[in-house]
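Student: I have a chain to look through before class. Can we go over it together?

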Amino acid sequence: MTNIGAGGAAPSLIRASLSRTGKWAGSVAFIGGAVSDILNPLAPFAAYIALIAAVAAIIIAIAIVLRLVLAARALPALIFATTAAAVAGGVYGLQQQTNAQNGVIASLVPAIAGLQQSMGIVTEKVARIEQTVTQTQKTVEQVKQSTDTVAKKADEIANAQQQQTQQTAEVQKTTDEVKKQTEKLQETTQQIAASIDTIARGFAALAAQGGAIAEPKRPDEFYHNARVYELSGDMLNARRSYLAFAGFDVDAIDPYTRFATLLRVQDGKAGAREVFGALADKGKALSIKLVHIQQFDDAQRVDKLKSFISANPDFAPAYFLLAQEFSEDRLGAQTLADKRNEAEALTKFTSYEKDGGLLTYFVDQTQLADWLDRSRSRLAALSDVLDPARFVPSLTPMRSNQGWSMTISLPEPATAISWRMGDSGPFTDTGFLAMNDQTTGKPMANPSFEMPDSTVAGIIAIKYLDIRGRETGPFDIRFDPETALQQGNKQILDQFWTSWIAFDASGNHGLVYFTQMLSYRCAIKQVHYSLNGAALDKEIKMPPCDKKDPYAIPYDYQPYFKVADSVKSMSVQVTYTDGTKSPVREYKRQ
């Protein structure tokens, strides 16, 4: 290895290296400095090159000193690094002194500034790329957030499915429990039925023996004693015995209805209500709760009874008690709605008689027999009210020269009546007559109203208020003026047929008048007659019906014809517009 520090060999070696390397190293360093100055807008390349070259020169110099490399080989590199550091450092120093952000050369040479502007396109593109990268990063972040949201939703769905599975299992479990409870309830119901049957048989046996039981223990014994004390007038002991019976919570209706009657006599309805309210709170028997309801007043009692039935639709005694709320004994005067409600409730009650379904509600079977007898008797009396046609009003039109007079026939007394032509619009009250209705004691509702002769065919709706103020209807009744006119005229002709023919009227000997038939001709299609016999071989030609003035006789038509003195009788038959025929009517000449 050559020793750089030996005698004068070192300076000669350095001079030889400078002569060989210095020319191209200086040129390359100068070109690098110029390029770094031109590229300065992008980054301070001159400072970078100066720093890198200086570090490289120091490293090479240390390597030469430490004889890590041959001096002859390392000196060209050291010279190049030193030259590059010096040139680049000088360029950077000038840039800093002149504050030339675009480089020293660009500030002196305009052409270089143009070159930098063209390079600015690259810078702008780089900025766009950076912006695109930034947007891409944001999009990636959003996608990541969306992915996290989807994952969260997936977890929620999984949790919901798990909860649904748990709920399904709970519902199934609850269903199984309800099924078991239903089976237990059915078993309990059968046990109660058997228990009441046992009590009923025990009560019947005790009733046959007579006398109070000295030390009662069973429900039938307490009920038996209550009845014995009640009949003997010992109301205090009767009351105690009834309360003891109630303590067994037996679900039979007749002991409690009898006890309630006793309480109302002694304490009034309020006292009975208080006692049964306490019993209903302590016990579970539906019979006690039902009898408690019976101690309320009127409308409140009916509402509570209906609510009880809604909650316990198969508790048969409730229907009999509901029927009593609409009975004639309770109300005095019944409306059709009252009768229908009574009949429907009694029908429901008696329907449970099949297969002994009512026996489980009564300890004293004579009480059940009484309820059934009363139910059958009332149903027989109310049989017609279940027919829907029984509730429909009727309308009788009567045509006059001024228009239509409509008479309403209702199935029951009413406190107000109203009507309407067509299926929409307000109803019109018919008003009141100048007299009182003996049924209601109020002014009598007017059962008629008027309509003009121009009325066309359509629907007339009728509604009314019954004696309890309940609205009934509306009922739609079809009205056809032409048909009504024909039917009205036919009714009059049939009713007053003796006036069809008049011989020698008002002293006009030899004339036969048929004025009445002529006046009501709108119902007549043909009139056949015969004289002195029933051959009906002649016809009276009637003028057409004038619907605008139906009863007027045309001025040019004669309502009579002449007959000979030999005519002693006349037979007449009318064919109506509906196709029916009257009987053959015979008229004798006086």
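Tutor: We start with the whole chain and then move to a sheet, a surface patch and some backbone details.

Tutor: Keep in mind that this is a predicted model.

Student: OK. How many helices and strands does the chain have?

Tutor: There are 16 helices and 16 strands. Of the 590 residues, 36% are buried.

Student: And what does the surface consist of, in terms of atoms?

Tutor: The chain exposes about 34,000 Å², and 56% of that comes from carbon and sulfur atoms.

Student: Now the sheet with E7. Which strands are in it, and in what order?

Tutor: The order is E1-E2-E7, in an open sheet of three strands with antiparallel pairing. E1 (394-399) and E7 are the edge strands, each pairing on one side only. From one strand to the next, the twist averages 25 degrees.

Student: How many bridges hold each pair?

Tutor: E1 and E2 are joined by six bridges, while E2 (residues 403-409) and E7 have five. As examples, threonine 396 stands opposite threonine 407 in E2, and serine 405 has glutamate 450 in E7 as its bridge partner.

Student: Which side chains of E7 are buried?

Tutor: Phe449 and Met451, which point to one face of the strand.

Student: Different topic. Which residues form the nonpolar patch on the surface?

Tutor: Ile58, Ile62, Val65, Leu66 and Leu68, with about 530 Å² of accessible area together. Valine 65 lies in helix H2, which covers residues 45-65.

Student: Why does valine 65 count as exposed?

Tutor: Because its relative accessibility is 65%, and exposed means over 50%.

Student: What about the backbone? Where is there a cis peptide bond?

Tutor: From glycine 473 to proline 474, with omega near 5 degrees. Proline 474 belongs to strand E9 (residues 471-479). Most peptide bonds are trans.

Student: And what is phi for aspartate 504 and serine 506?

Tutor: Near 50 degrees for aspartate 504 and near 55 degrees for serine 506. Both values are positive, in residues other than glycine. Most residues other than glycine have a negative phi.

Student: Where do those two sit?

Tutor: Aspartate 504 is in the loop between strand E10 (502-503) and strand E11 (511-513), and serine 506 is also found in the loop between E10 and E11.

Student: Buried or exposed?

Tutor: Aspartate 504 counts as buried because its relative accessibility is 18%, and the cut-off for buried is under 20%. Serine 506 is exposed, at 75%.

Conventions: Residues numbered from 1 in each chain as written. Predicted model: local features only at pLDDT ≥ 70, side-chain atom pairs only at ≥ 80, totals over all residues. Heavy atoms only, no water. Buried < 20%, exposed > 50% of the residue type's maximum accessible area, 1.4 Å probe, protein only. Helix = DSSP H or I, 4+ residues; strand = E, 2+ residues; numbered from the N terminus. Pairing = 2+ DSSP bridges. Axes fitted to C-alpha atoms, helices over the stretch in contact; angles between N-to-C directions. Areas by Shrake-Rupley, 256 points an atom, 1.4 Å probe, with all protein chains shown as cover. Patch = residues over 30% accessible without salt bridge, like charges linked within 9 Å, V, L, I, M, F, W, Y side chains within 5 Å. Salt bridge = Lys/Arg side-chain N within 4 Å of Asp/Glu carboxyl O.
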